[in-house]
Amino acid sequence: MDRRKIGITQKIILLTTVLISVSALSQDQKLKNSFWYEQPAENWMQALPVGNGRLGAMVFGSPYKERIQLNEDSMWSGGPDWGNSKGNAEDLKRIRTLIKNGEAHKADKEIVEDFSYKSIVRSHQTLGDLFIDFDKERKIENYTRGLNLNDALVTINYTSEGNRYSESVFSSAADDLLAIELTTSDKKGMNFTLRLNRPDDHGHKTVKISTPSKNELVMEGRVTQYGGKKFSKPFPIDYGVKFESRLKVNVNSGTIEAKNGTLILKGVKKATLFLVANTSFYQDNYKEKNIKILKTLSNRSFEELLKRHIKDYQHFYNRARLDLGGHELNKLPTDKRLKRVKEGRDDPDLAAKLFQYGRYLLISSSRPGTNPANLQGIWNKNIQAPWNADYHLNINLQMNYWPAEVTNLSELHQPFFDLLDRVEKRGEITAKEQYGIDRGAVIHHTTDLWATPWMRAERAYWGAWIHGGGWTAQHYWEHYQYTQDEDFLKDRAYPFMKSIAEFYLDWLVWDDKTQTWVSSPETSPENSYIAKDSKPAAVSFGSAMGHQIITEVFDNVIKAAEILGYNDKFINEVKQKRSKLHPGILIGNDGRILEWNEPYGEAEKGHRHMSHLYALHPGNQISYDKNPEAFEAAKKTIAYRLKYGGAGTGWSRVWMINLNARLFEKKEAEDNIRKFMQISLADNMFDMHPPFQIDGNFGYTAAVAELLMQSHEGFIRILPTLPPNWKNGTISGLKARGNITVSFNWENGILDKLTLKSNSNQKKKIVYEGKETVLNMKKGKTYSLDKNLKLTN
């Protein structure tokens, strides 16, 4: 044989081998960063989410009748028109008298009758659905469906009759659209019909569909709630946010025909679908906004838009990484891996992916300028969602944002502050009209798109709670702690904290018995105690969580004033009342932290809320160094709750993991992570309350960061609560308070290398396994330390 031919043949073989190796490497990388499956989603809790902060979708991946369920974050019924309050100061005085006289049950009833809007149905809603109906059912082979967390891209691939088919979906913040590409290698192309639709609202049509051109579909309507409720009575709502979705299709071959409100495509080898949606909440000219966006896309390819999307997304996502090994399991589909976990087998890599999934979901549901992530993020298939998919302020919205600062996504906290600033303004009116308090603001346990400040609950234990403002004030202070942004502290954080503190100053009542200021009436979120007649009651004279939150608000506003150089009459009043404030941390005779001021029995011993441990987490009033007796009492409190079936919901379980982290309970943290993954995760890795509630996903991500690094005590702890089964790992890009970026790795459970980088000149103590050092950090300089905390650079 000719030597030249032999040489060419060898080169071809070598090149083919290299290409195969590169392809295999690329596939391994995709699997490393993906959730993937071997079948389409059969239900919504198996579909995969995409989002750009405002516009989202759930992708089912059917090769026959594809459904892409659509969402937009301002799809709400009603408006800001239901007033700000109910009841008055005389009602408050009467309820306080009932409590003082021991008439707890009457107080429970009257606090609802006097102050509450009772049961409300006014929900965030689905935007609708995009359906892709293929003309025939084919034999499908080699099917895969996946979500690449690294690229924020859903892909579906399969073969049929020897031809390749693919679907790619992403939601771009860079270009404000949902993009879908369908391709095939079949020379005959694909035949399918495109439809937009939206569920009816109690028999009422909710949208009008039109085809303004042969390659466009338009769906427009107005959000209503004909099954609405107000004051626990039917209250049909025939008005709300107006919206329009507009779909534009481009093809490289075949034909498109507009017919009966659908688009019929035939012989298409590649189709690119651009879907835009806007609402009257954001702008009056929302329809023109859609047309303008589509016009700017006219000369851009799917590939270019994808590149821009990935760059925008990775600007946030790439800041932090977690690797716990175990990558060999990436070759198994995610649902099968989850099944292994439920059978009792470990999967640290899946736990690491779940950490990054929480970051992915926050990037996808909360961006500067959008609304904050609600109980379901932005993903909701219903006209009437569970709990209205609103903003619960007695842990749920706060938990959504626990990972924002520590996992290096600080900008994504902004929608939280934007909403609460709006609620605070209305809460000033509520405080004055409802409680006769002329300064400051009150915020109750739930709000919604319209920034409602009023109380809503049919039962006192459910929602007669006044600390939505107090708990959310913590987030303003923490944002400053992490970013050191004094402009934010001066312009937004301090005014908000001051307003809440002013309300508390005038809300507290003096107790002659204890010689302290007490919050009354009080409740402990969603829990009840056993009253003197052995029946459950909710309203009380003081509660642990209430006093812990007030203590925190007073302390933080004092610290903020010191930083800003304020020392006025208001601050002096805060200091005086803080010095005589009833303690929020009291230990009972059995060694547990009391949930109320008195050692009442609990109606539900395994309750999901652990409100009396607020001071441990997310607060910082309890620590081993500060108050070891309370630290041990917190352990007993948790053990008691778990003994009686506590932490049953997904969000409650991950709160437990955060508490384990603060208590340095390594084995308990490992066990609770395992239980969370076994009990509370759907196939698409969404947290289940049940039903679906996204807070558990976010709380888990925050818990993982808390297990690996803590900075709430004024110094940085490294690997404080490493789960024993996470023997080897690497974490990069965590943020510590003080705006310090922290990265490290460990081997066989022992720290290997630690790096820190500060955004300012500061002195910071570092602690690891009984060893400590103090770094005089210079702005922008990276410091490397070994396992003995000795500098290596």
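1. A crossing of two helices is called left-handed if the near helix is turned anticlockwise from the far one by less than a right angle, and right-handed if clockwise. Helices (H or I, at least four residues) and strands (E, at least two) are DSSP runs, numbered from the N terminus.

2. A word on the source: this is a predicted model, in which local features need pLDDT of at least 70 and side-chain atom pairs count only at pLDDT 80 or more, while totals for chains, interfaces and linings use all residues. Residues are numbered from 1 along each chain as its sequence is written, and side-chain values use heavy atoms, with hydrogens and water left out.

3. Let's stay with H13 and helix H15 (residues 569-579): their axes come within 11 Å and cross at roughly 55°. Axes here are lines fitted to C-alpha atoms, for helices over the stretch in contact, and angles run from 0 to 180 degrees between N-to-C directions. H13 is therefore oblique to H15; angles under 35 degrees count as roughly parallel, over 145 as roughly antiparallel, 65 to 115 as roughly perpendicular and the rest as oblique. On the H13 side, Tyr494, Lys498, Ala501, Glu502 and Leu505 make the contact, and on the H15 side Phe570, Ile571, Glu573, Val574 and Lys577. Contact means heavy atoms within 4.5 Å. By class, this contact of H13 with H15 has six nonpolar, no polar and four charged residues. For the classes, Ala, Val, Leu, Ile, Met, Phe, Trp, Tyr, Cys and Pro count as nonpolar, Asp, Glu, Lys and Arg as charged, and the others, Gly among them, as polar.

4. Now look at helix H7 (residues 348-365) and helix H19 (residues 695-708), which pack at an angle of about 125° with their axes 8 Å apart. That angle makes H7 oblique to H19. H7 passes H19 in a left-handed crossing. Among the residues making the contact are Leu354, Phe355 and Arg359 of H7 and Phe698, Tyr700 and Val704 of H19. The contact of H7 with H19 divides into 10 nonpolar, four polar and one charged.

5. Helix H2 (residues 89-100) and helix H3 (residues 104-115) have axes that come within 9 Å and cross at roughly 170°, so H2 is roughly antiparallel to H3. Residues including Leu92, Ile95 and Leu98 in H2 meet residues including Ala107, Ile111 and Phe115 in H3. Seven nonpolar, no polar and five charged residues form the contact of H2 with H3.

6. Which residues touch the most other members of the largest nonpolar core? They are Ile718 and Phe744, in a core of 207 residues. A nonpolar core is a set of buried Ala, Val, Leu, Ile, Met, Phe, Trp, Tyr and Cys residues joined through side-chain atoms within 4.5 Å. Helix H13 (residues 486-507) gives this core its largest share, 12 residues. Another core, of 13 residues, lies apart from it, with Phe170 and Ile293 among them.

7. Finally, compare two residues: is Asn278 buried or exposed? Asn278, in strand S18 (residues 270-279), is buried at 3% relative accessibility. Gly770, in the loop between strand S31 (762-768) and strand S32 (771-777), is exposed, with a relative accessible area of 76%. Buried means under 20% relative accessible area, exposed over 50%, and partly exposed in between (1.4 Å probe, protein chains only).
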